[in-house]
Amino acid sequence: MSRLSLSTAKMRPLVMGLSAVALVSGLSACASNDRPTADLAASQITTIGVNSYLWRATLDSLSFMPLTQTDSNGGVILTDWYVNPQNPSERMKLNISILDQDLRADALRVGASRQVRNGGTWVDAPVKAATTQKLEQIILTKARDLRRGALTN
């Protein structure tokens with residue numbers, strides 16, 4: 001065997017190996033750029049001072065109540081007194097705080113005041129803890145739905 005054919009025989013596996021590595025790395029680079037990611041929508045949306053999903057869900061959930069103050073940077077929503085037409089002797093007022101930029105259960109705090117009519121005057125009355133917990137649950141569920149909906153749109 002000649003000296004030239006011996007060195008070619010030794011070089012062929014090296015050249016083939018390097019070609020294969022270059023081909024695989026080139027293909028993987030193309031594949032990663034063309035393939036869309038199936039990620040969840042971000043849980044931290046901060047175009048305003050607080051989580052946008054929680055903010056929007058809170059405003060949607062309280063759309064039936066008159067608002068006295070909203071601060072999207074501070075995450076505060078205050079309502080005026082709301083009288084349910086089916087129970088005119090009772091009224092509620094809410095104070096909602098969004099405490100974080102992440103969509104988390106502990107990023108939402110709902111405070112409620114309740115008054116009942118007693119002889120023509122409004123008197124403070126206790127609010128059941130289940131009332132504020134239920135409202136927090138409604139807002140969080142709506143915020144999660146908005147987040148899921150962000151994927152489909």
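Modeller: The protein exposes about 10400 Å², and carbon and sulfur atoms supply 55% of that. Keep in mind that this is a predicted model.

Biologist: What share of the residues counts as buried?

Modeller: Of the 153 residues, 21% do.

Biologist: Let's zoom in on H2. Is H2 mostly covered or mostly open?

Modeller: For burial, look at relative accessible area: under 20% counts as buried. In H2, seven of its ten residues are buried, so the helix is mostly covered. Those seven are Ser-52, Tyr-53, Leu-54, Trp-55, Ala-57, Thr-58 and Ser-61.

Biologist: What covers the buried residues of H2?

Modeller: The cover includes strands E1 (67-71), E2 (76-79), E4 (90-98) and E5 (108-118), along with H3.

Biologist: How do I read the packing of H2 and H3, then?

Modeller: Take the two axes and look at distance and angle. Here they come within 8 Å and cross at roughly 125 degrees, with H3 spanning residues 129-152. That angle makes H2 oblique to H3. The crossing of the pair is right-handed.

Biologist: Which residues of H2 meet H3?

Modeller: On the H2 side, they are Tyr-53, Leu-54, Arg-56, Ala-57, Thr-58, Asp-60 and Ser-61. Their partners in H3 include Ile-138, Ile-139, Leu-146 and Ala-150.

Biologist: What happens at the start of H2?

Modeller: Check for side chains that reach a backbone nitrogen. A side-chain oxygen of Asn-51 comes to within 2.9 Å of the backbone nitrogen of Tyr-53. Asn-51 itself is in the loop between H1 (3-34) and H2 (52-61).

Biologist: Why does Asn-51 count as buried?

Modeller: Because its relative accessibility is 0%, and the cut-off for buried is under 20%.

Biologist: Give me a contrasting case in a strand. How is Thr-121 classed?

Modeller: Thr-121 is found in strand E6, residues 121-125. Its relative accessible area is 45%, so Thr-121 is partly exposed.

Biologist: How far is Thr-121 from Ser-89 in sequence and in space?

Modeller: They are 32 residues apart in sequence, and their C-alpha atoms are 10.0 Å apart.

Methods
Residues numbered from 1 in each chain as written. Predicted model: local features only at pLDDT ≥ 70, side-chain atom pairs only at ≥ 80, totals over all residues. Heavy atoms only, no water. Buried < 20%, exposed > 50% of the residue type's maximum accessible area, 1.4 Å probe, protein only. Areas by Shrake-Rupley, 256 points an atom, 1.4 Å probe, with all protein chains shown as cover. Helix = DSSP H or I, 4+ residues; strand = E, 2+ residues; numbered from the N terminus. Axes fitted to C-alpha atoms, helices over the stretch in contact; angles between N-to-C directions. Parallel < 35°, antiparallel > 145°, perpendicular 65-115°, else oblique. Left-handed = near helix turned anticlockwise from the far one by under 90°. Contact = heavy atoms within 4.5 Å. Polar contact = N/O pair within 3.5 Å; in protein donor to acceptor, adjacent residues only side chain to side chain.
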